[in-house]
Amino acid sequence: MMNISPQFKRWGQNTRNLQQQEAYPLREPPFDTYMVLDFEATCERHQRLEVPEVIEFPIVLVDARNGNTISEFQQYVRPVVNPQLSQFCTELTGITQSVVDRASTFPDVFTAAMNYLHQNNCGEREINKRYLPVTCGDWDLKTMLPIQVKACIQQGFTVNVPPSLRRWFNIKQYMQRVLSPGLGQTVSQPIRDLPDMMSVLGLEMKGRHHSGIDDCRNIAAVLCELIKLGHVITPTTDYNSELTRGTSWVSVGATTSLKPSAGLGKCQQMPHCREEGSNNSAMGRKRAASDTVNNQQSMIKRIHINVLENEDPLQDLLNLKTDDRNRMGSEDMTKEKVVTYSKALSRILRHGADKMKITISDAGYVLADDLVRCAPFSNDKAALTHLAWVVYSNDKKRFKMAYDENRRVYIRANQGHSLSGINPELVPITSETQVPFAVHGTYYSAWERIRGCGYLSTMGRQHIHFAKGMPGSDGVISGMRNTSEVLLVLDVPLLLKESVELWESANGVLLTPGVSGTGRLPLKYISSVVDRRTNDLLPR
């Protein structure tokens, strides 16, 4: 590693003087932790994608007081809109098609990243450490994240972006500013990108440029050097303050100018509430547009398929009548392939059929022949058998396969639809004796937003989901994630007394559309909130 030049040390002192002139007095760092972030996304050579998607989500945490690295997070992301990576994208980032095919989609990876921050005590509550994202440019959080969030919404998923990700420190902009000739802080080379910043500081680039995690490590090295030289790191962009003046953050990535919203009430200050239906924000407008589409869908009468209840295609396709139940369908189905097929089935059957121009019945059935023409099944000669194995082996029984009267094979998702007009076989709950216990699982980061709003939301789907017990309990196969941190116990007697609909799906998940079709269930219907690990009651 090269030594820092005397010129740069003088620059550090001059910068601190400059900060004082710009009302940034020397003080304790205003944040506890810096979160270095550098997305990698789908791309084409000499072509701008209409909807780029994140394919690598890396984070490096840095201690704001001593300038030392704390820990790292990194996961690859499977793109959905354009699932096939270009050769240029692989050459640039080093990320191959097989890597993203095995990865989870953005909503799951984003949740994992937020859980990682929570595990490092970084969060929005007063007891948490305050953290500030650090990026090399504005693209990651001003452009890419809003585009990705909108893409997720169009696929029927909601990504709850915390306020801390609506402000950031653009380290490249900062170095360009304090080294600008107008301020007398010139250097022998302009600051154009990360390698230039490393060079000015006498640091060597490590790893592969445009590998997200390697770039994060190099940005962190620059940040640590600035901290140790005494620079005070504060936001260069803050859309939280913009929001209070009527600017909607999520519109920024899709437009060249900020769009004003009509006004911000209490719930609109909470990201959980805003993304779940507030029509005064850009996210609310997106949800309103989605609701308009759903209303149009509900006016279109879906076809009805008469399925044969006494015949099971799984018996024939997997040869389940023989003793060797694992022989057919599972021979070349790796765990990764099963997960990929299962997620693709969920995406199409629950959310994507209409957009993909695939006919779906009023009970949610889709012709298997239509499914096998879609990625990732289309290149699989044994796709139908493999889909049968996914249906049969799914431990949460999310899917059902059936014959129609002409013995054509159909597949449906048992619950979780965001498409309107889909009513799988649901059993109405009319007595609390049918459901002695019902629980909704979530995470601490989401619970704080739910608590702030005062209600649970369908999150763009038709229903809010509850389990009949804890995962692994007798008869409980679905309804909540095994990794849930917070348990919300449903007051079933009150729910039924006030005539709020409650149903049970074919795979045992309890479903409610909320109060009066609003898609919201106020917390008055939750009898208790419990920390899953300690069993401690949590404040409401």
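This is a predicted model: local features need pLDDT of at least 70, side-chain atom pairs count only at pLDDT 80 or more; totals for chains, interfaces and linings use all residues.
Residues are numbered from 1 along each chain as its sequence is written, and side-chain values use heavy atoms, with hydrogens and water left out.

**Exercise 1.** Classify the packing of α13 against α15 and describe the residues that meet.

Solution. Helices here are DSSP runs of H or I with at least four residues, and strands are runs of E with at least two, numbered from the N terminus. Helix α13 spans residues 335–352 and helix α15 residues 383–393, and they pack at an angle of about 85 degrees with their axes 10 Å apart, where axes are lines fitted to C-alpha atoms over the stretch in contact and angles run from 0 to 180 degrees between N-to-C directions. The two helices are therefore roughly perpendicular to each other. Next, taking contact as heavy atoms within 4.5 Å, Lys 337, Val 338, Tyr 341, Ser 342 and Leu 345 of α13 meet His 386, Leu 387, Trp 389 and Val 390 of α15. By class, this contact has 6 nonpolar, 2 polar and 1 charged residues, with Ala, Val, Leu, Ile, Met, Phe, Trp, Tyr, Cys and Pro counted as nonpolar, Asp, Glu, Lys and Arg as charged, and the others, Gly among them, as polar.

**Exercise 2.** Determine how α6 and α8 are oriented to each other, and which residues make their contact.

Solution. Helix α6 (residues 171–178) packs with α8 at an angle of about 45 degrees, their axes being 11 Å apart, and α6 and α8 are therefore oblique to each other. From α6 the contact draws on Ile 171, Tyr 174 and Met 175, and from α8 on Ile 219, Val 222, Leu 223 and Leu 226. These residues divide into 7 nonpolar, no polar and no charged.

**Exercise 3.** Is His 231 buried or exposed, and with which side chain does the side chain of His 231 make a polar contact?

Solution. His 231 lies in the loop between α8 (212–228) and β7 (237–238). Its relative accessibility is 5%, and His 231 therefore counts as buried, a term that means under 20% relative accessible area, with exposed over 50% and partly exposed in between (1.4 Å probe, protein chains only). The side chain of His 231 makes a polar contact with the side chain of Tyr 174 at 2.8 Å; such a contact is a pair of N or O atoms within 3.5 Å, where within protein one must be able to donate a hydrogen and the other to accept it, and residues adjacent in sequence count only if both atoms are side-chain atoms.

Terms used: Angles under 35 degrees count as roughly parallel, over 145 as roughly antiparallel, 65 to 115 as roughly perpendicular and the rest as oblique.
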